[in-house]
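Student: Let's work through this model in questions and answers. Where do we begin?

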Amino acid sequence: MADEAAVLLSSTVFSFAMNSMVPTAALLAPYTTDDGNLLVTTLNFLYLTILFSPAVVSLSRGAMGSTNSSAVLISWLTGKNSTRKFLSDTFLCIAGAYFGVLLWSLILQQYPIEGVSIRALEAAAGSRLGFAFEAFSTVIIFGLDRAVSGITGRHTYVLGALVYVAISHFEGCNYSCNVINPAAALALQIHEFGLRSLLSAETWGKLLPYVFGGWTGATLLSIIHMRFPPPVPKTSALDEIKKEL
């Protein structure tokens, strides 16, 4: 079980990396013939496969899995984490997401990049369609990982990243930009408008797709997981011997 410091640090690193895609793409754009979308998609896939690779997850002591508050909610609802752990990890992944955004904001203040800024999220398709798309993406992406890892015994970080970036690329931010992480949306909102903005009904109307869409998808997936648990991976005779040793 990842400790609090590891969750906070991992969430900060993850947020910083994911928020670096657009600035990096903007810097590389003059050297490519791409309009920027394919470059961002490629960077997205590269970052996700690195951040969720076995080596990085091991280095983070498993905390990289707590960088997404939808994943944290799924772990709690399916009985893997206690209520205290759920509340702690939720707070820490939001705080880490905020620190990652803040670091990029400070960098852009010192070294501005034309056309690049850190802005709060707003679903292009409106709250209802954005909500539906975020919930749908959460179920598909996390559901795929749980189904395949239940069969193989390994988390499908490459396949999961591939599906995520494919949905993001073809969605093209026409609905919600496929964020599927309520912590990221909350961090961007707090950074641009402050904590007091969370007291506004208008703010929650804009955050509806990202916060409640992601958590609704996580809840639906947890219900499906408990009703139809993924198969237990078969272990070989060699694996059984290793366990006994």
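Student: Is Cys 173 buried, exposed or partly exposed?

Tutor: Buried means under 20% relative accessible area, exposed means over 50%, and partly exposed lies in between (1.4 Å probe, protein chains only). Cys 173 has 38% relative accessibility, so it is partly exposed.

Student: What kind of model is this, and where is Cys 173?

Tutor: The model is predicted: local features need pLDDT of at least 70, side-chain atom pairs count only at pLDDT 80 or more, and totals for chains, interfaces and linings use all residues. Residues are numbered from 1 along each chain as its sequence is written, and side-chain values use heavy atoms, with hydrogens and water left out. Helices (H or I, at least four residues) and strands (E, at least two) are DSSP runs, numbered from the N terminus. Cys 173 sits in the loop between α8 (157-171) and α9 (182-193).

Student: What is the phi of Cys 173?

Tutor: Cys 173 is not a glycine, yet its phi is positive. The value is near 65°.

Student: Ile 180 also has a positive phi. Is Ile 180 buried or exposed?

Tutor: Ile 180 is in the loop between α8 and α9. Its phi is about 45°, and it is not a glycine. Its relative accessible area is 4%, so Ile 180 is buried.

Student: What is the volume of the second largest pocket?

Tutor: Rolling a probe the size of a water molecule over the atoms shows where empty space is left. On a 1 Å grid over the protein atoms alone, a pocket is an open set of points where a 1.4 Å probe fits, with protein on both sides within 12 Å along at least five of seven lines; lining residues have an atom within 4 Å of a point. Grid points are joined across faces, edges and corners, and a volume is the space filled by probe spheres set on the points. For the second largest pocket it is about 160 Å³.

Student: Which element gives the largest share of that pocket's lining?

Tutor: The lining includes Ala 5, Leu 9, Val 56 and Arg 61. Two elements give two or more residues to it, α1 (4-19) and α4 (54-59). The largest share, five residues, comes from α1.

Student: How many salt bridges are there?

Tutor: A salt bridge is a side-chain nitrogen of Lys or Arg within 4 Å of a carboxyl oxygen of Asp or Glu. By this rule, the count is four.

Student: How far apart in sequence are the parts tied together by Asp 3 and Arg 61?

Tutor: Their side chains form a salt bridge, 3.3 Å from N to O. Asp 3 lies in the segment before α1 and Arg 61 in the loop between α4 and α5 (69-77), so the parts they tie together are apart in sequence by 58 residues.

Student: Arg 84 and Glu 4 also form a salt bridge. In which helix is Glu 4?

Tutor: The pair is 3.7 Å apart, N to O. Arg 84 lies in helix α6 (residues 83-110), and Glu 4 lies in helix α1.

Student: Which residue forms a salt bridge with Glu 192?

Tutor: The closest N and O atoms are 2.9 Å apart. Glu 192 is in helix α9, and its partner is in the loop between α6 and α7 (127-152), 73 residues apart. The partner is Arg 119.

Student: Is Arg 119 buried or exposed?

Tutor: Arg 119 has 52% relative accessibility, so it counts as exposed.
For Arg 119, then, the answer is exposed.
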